[in-house]
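Please keep the sequence and the model at hand.

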Amino acid sequence: MRAGKPPRIPLAAVVTAGALLASLTGCVTVHGESAVVPALSKAEAAKVLKTFVKTNNKANTAYDAKLNATIESGALGAIDQAGLKSRKKVDPKGNPDYRPLELTDTRYLIPEQAGWPKFFVTDSRSNRKGQGRWLFVFQRDRADGPWKASYLSVVDPDRIPRFARDEHGHVKAVPVGGASGLSVPPDELSKRYTRYLQEGAGDDFAAGPHTTKLREQREKAMKRTNVRNEFADQPARPPQYAPFGLRTKDGGALVFFTSHHHHKQTLPRGYQPKIKDPLVKALMSGTPKQSVTFVRVSEQAVTVPSKRAGKSEGKVTFLSRIEGLTAARGS
């Protein structure tokens with residue numbers, strides 16, 4: 001899996017990063033609904049990550065989407081579970097040659113929070129190719145629920161921002177709405193991003209491979225005469241796809257959010273699409289008589305400036321975008 005590349009990451013985008021974990025007992029059991037308390041302790045977070053790696057490796061070796069579903073949710077779960085299902089159809093015996101994931105040099109970013117869902121972030125070095133740090137967001141939706149991984153971002157170490165800390169040394173969670181103090185509230189990011197991709201509307205986002213260049217690629221594709229390309233983007237909605245943010249030292253935030261994307265390709269009358277990739281075929285519904293619609297989920301990590309900074313001092317900047325195919329429909 002690679003960070004900072006344009007979003008043509010197939011299927012399980014990245015090495016099905018698989019998994020987080022089993023339920024931890026006793027993490028936040030005292031007034032978690034109203035009191036501002038740490039999401040969990042560092043020792044508990046380390047246990048979460050250890051179980052995550054173990055379960056991830058089991059799920060990816062066996063191509064076991066059901067096992068993955070017990071430990072992942074949100075955008076990461078949608079991408080990985082679709083990838084595991086398709087790979088299982090292609091190779092029912094699994095992948096005995098799977099190289100186990102290893103995460104080392106981990107930093108735990110644990111905010112104090114009230115209410116649910118609660119979350120924390122891990123920042124690790126992986127044994128996968130590339131120098132990017134792997135950032136997982138783990139969320140827990142209720143006091144007796146399991147911790148699950150809902151986001152993975154792969155970020156260049158030099159681009160990871162410095163985080164603000166409270167008097168207890170904990171990182172600070174950012175409110176998702178207008179109280180965030182950000183130029184774009186976290187719960188608005190998915191809507192504004194998908195609107196930008198559709199219409200080029202607004203000036204919230206910095207130029208780059210996931211904004212201006214992606215729109216240029218689409219415009220070029222839509223000018224082709226041998227196939228009609230159509231794109232539709234939809235915002236993701238909580239609670240299934242909740243955004244999460246951590247305050248940075250400059251008053252802005254690092255925010256994780258999800259978006260949905262459809263790409264329909266239609267051939268001229270008399271021509272039938274030929275789907276060669278067996279992993280795409282495994283996710284196909286319907287018969288591709290003239291067109292195919294590819295359905296993808298994308299998980300993003302961005303830095304968002306504070307509202308006080310103003311647009312002249314920075315815009316929403318992408319640090320990572322991972323997109324995976326979750327379905328294909330023929331018609």
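**Exercise 1.** Determine over which ring the charged end of Lys 118 sits, and treat Arg 215 in the same way.

*Solution.* The charged end of Lys 118 sits over the ring of Trp 116, 4.7 Å from its centre, where sitting over a ring requires NZ of Lys or CZ of Arg within 6 Å of the ring centre and within 35 degrees of the ring normal. The charged end of Arg 215 sits over the ring of Tyr 196, at 5.8 Å from the ring centre. The model is predicted, with local features needing pLDDT of at least 70 and side-chain atom pairs counted only at pLDDT 80 or more, while totals for chains, interfaces and linings use all residues. Residues are numbered from 1 along each chain as its sequence is written, and side-chain values use heavy atoms, leaving out hydrogens and water.

**Exercise 2.** Describe how the axes of α4 and α5 cross, and list the residues that make the contact.

*Solution.* The axes of α4 and helix α5 (residues 212-222) come within 9 Å and cross at roughly 40°, the axes being lines fitted to C-alpha atoms over the stretch in contact, with angles from 0 to 180 degrees between N-to-C directions. That makes α4 oblique to α5, since angles under 35 degrees count as roughly parallel, over 145 as roughly antiparallel, 65 to 115 as roughly perpendicular and the rest as oblique. Helices (H or I, at least four residues) and strands (E, at least two) are DSSP runs, numbered from the N terminus. On the α4 side, the contact (heavy atoms within 4.5 Å) involves Tyr 193, Tyr 196, Leu 197, Gln 198 and Glu 199, and on the α5 side Thr 212, Leu 214, Arg 215 and Arg 218.

**Exercise 3.** Classify the ring pair of Phe 120 and Trp 147, then that of Tyr 193 and Phe 257.

*Solution.* The whole structure holds 15 aromatic pairs, a pair being rings of Phe, Tyr and Trp (its six-membered ring) with centres within 6.5 Å, stacked if the planes are under 30 degrees apart, edge-to-face if over 60 and tilted otherwise. For Phe 120 and Trp 147 the centres are 5.1 Å apart and the planes stand at 75°, so this pair is edge-to-face. Phe 120 belongs to strand β4 (residues 118-126), whereas Trp 147 is in the loop between β5 (133-140) and β6 (148-155), 27 residues apart. Phe 120 and Trp 147 are both buried, that is, under 20% relative accessible area, where over 50% is exposed and in between is partly exposed (1.4 Å probe, protein chains only). The rings of Tyr 193 and Phe 257 have centres 6.0 Å apart and planes at 85°, so they too are edge-to-face.
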